[in-house]
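Have the structure open while you read.

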Amino acid sequence: MRTATTVEASSGFGEVADFVLEAEKLGLDVCWVAEAWGSDAPSTVGYLAARTQRMVLGTGIMQVGTRTPVAVAQTAITLSNLSGGRFLLGLGASGPQVIEGLHGVPFARPLTRLRETVEIVRRVLDGGRISYDGAAYRIPLPGGGAVPMRLSMRAEHDIPVYLATLSPAMLRLTGEVADGWLGTSFVPEGAAQAYFAHLDDGLAQAGRSRADLDVCQGAEVAFARDEDALRAMVAGRKKELAFSLGGMGSASANFYNRAYSRQGWAEVAAEVRERWQAGDRDGAAGLVTDDMVLATTLIGTEPMVRERLRVWRDAGVDTVRLYPAGDSLAERLATLGRAIELVREAGTR
């Protein structure tokens, strides 16, 4: 298994750069840069590309709909070329709260938009004139005098496309068209039906196999010195999970909640969301069980984390995205370093 992490630069570029540079020295393979509603991802990727030597960098993720597909392709080619091919293009539909509430763009036909964006990006990467007649995008725009154009720059390296998806239809699309899957809310014991069945449907439709898709899963990693410390850690994570179940997305669409529901927690996920939406944040967190926290993280004593990584490997994870806990940069790096060692111990499938 490869190792990865995700950073986001809203808190300051200096600390992020220090963390990434030290993570590269520890042997981390991939660093994804998040966007969400903070700093943009491509700028940070470019900055880190100039500071690193070996590490692969990716947008994790650029939000489809906030940039034209050709602008996405231009950004990908630029970052790939300037990094010497150390770039992965991570895309996702995001959700209505960010797309509509922040960017003022309709969150309409996200599946169609994501599929067509990937198709257009790949046409741009091929280097020819760009002509596309889709349901969401039409290039050139009809009704005027414009003719198809090609970019004046070329991609010097292969640019793998990763999709961050959760719903069954989006997962099927990922299996059909993507080079990798950026997953979350992952419970290996329930992943076969919740995730892999849909990914495999898409792979089969495209005549591909699981070997053609890099399964990249992420979770917080933290090491507890004993059972008492572990109980405190788990208790401290319940409000964060309650936010994912109740506060992410919009009033009508929370894809994280649906993902947990498909993995055996439908009733508690629904109640957590109801309480969170009603303003009872503590009550929502109180409904989250210890098992829910432990099943979707890499939190535990060192033997627990070691065994959990083996479970992830056996479930089909190719790349482990590590979010190291710690109150300081030194603590986070120490956690990351030990986690990288444990991933290496887990070996390959």
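Let's start with V320: skipping its neighbours within four places in sequence, V320 is in contact (heavy atoms within 4.5 Å) with M1, R2, T3, A4, Q217, L298, L309, W312 and V343. Before going further, a word on the ground rules. This is a predicted model, where local features need pLDDT of at least 70 and side-chain atom pairs count only at pLDDT 80 or more, while totals for chains, interfaces and linings use all residues. Residues are numbered from 1 along each chain as its sequence is written, and side-chain values use heavy atoms, leaving out hydrogens and water.

**Cores**

V320 also turns up in the largest nonpolar core, which has 76 residues; V320 is listed there with L89, L91, L163, Y195 and L298 as having the most contacts inside the core. A nonpolar core here is a set of buried Ala, Val, Leu, Ile, Met, Phe, Trp, Tyr and Cys residues joined through side-chain atoms within 4.5 Å. Buried means under 20% relative accessible area, exposed over 50%, and partly exposed in between, using a 1.4 Å probe and protein chains only. Helix 13 (residues 329–346) supplies the largest share of this core, 7 residues. Another core, of 24 residues, lies apart from it, with L241, A269, A285 and M292 among them.

**Helix 12 against helix 13**

Helices (H or I, at least four residues) and strands (E, at least two) are DSSP runs, numbered from the N terminus. Helix 12 and helix 13 pack at about 50°, with their axes 9 Å apart, so the two are oblique to each other. On the helix 12 side, E302, V305, R306, L309 and R313 meet R338, A339, L342, V343, E345 and A346 of helix 13.

Not counting residues up to four places away in sequence, T301 touches A224, D226 and E227.

**Cysteines and burial**

How many disulfides (cysteine sulfur pairs within 2.5 Å) does a search of the whole structure find? The search comes back with 0. C31 is in no disulfide, and its nearest cysteine sulfur, that of C216, is 11 Å away. That's too far for a bond.

| Residue | Relative accessible area | State |
|---|---|---|
| C31 | 0% | buried |
| C216 | 1% | buried |
| T301 | 13% | buried |

Technical notes
A disulfide is a pair of cysteine sulfur atoms within 2.5 Å. Axes are lines fitted to C-alpha atoms, for helices over the stretch in contact, and angles run from 0 to 180 degrees between N-to-C directions. Angles under 35 degrees count as roughly parallel, over 145 as roughly antiparallel, 65 to 115 as roughly perpendicular and the rest as oblique.
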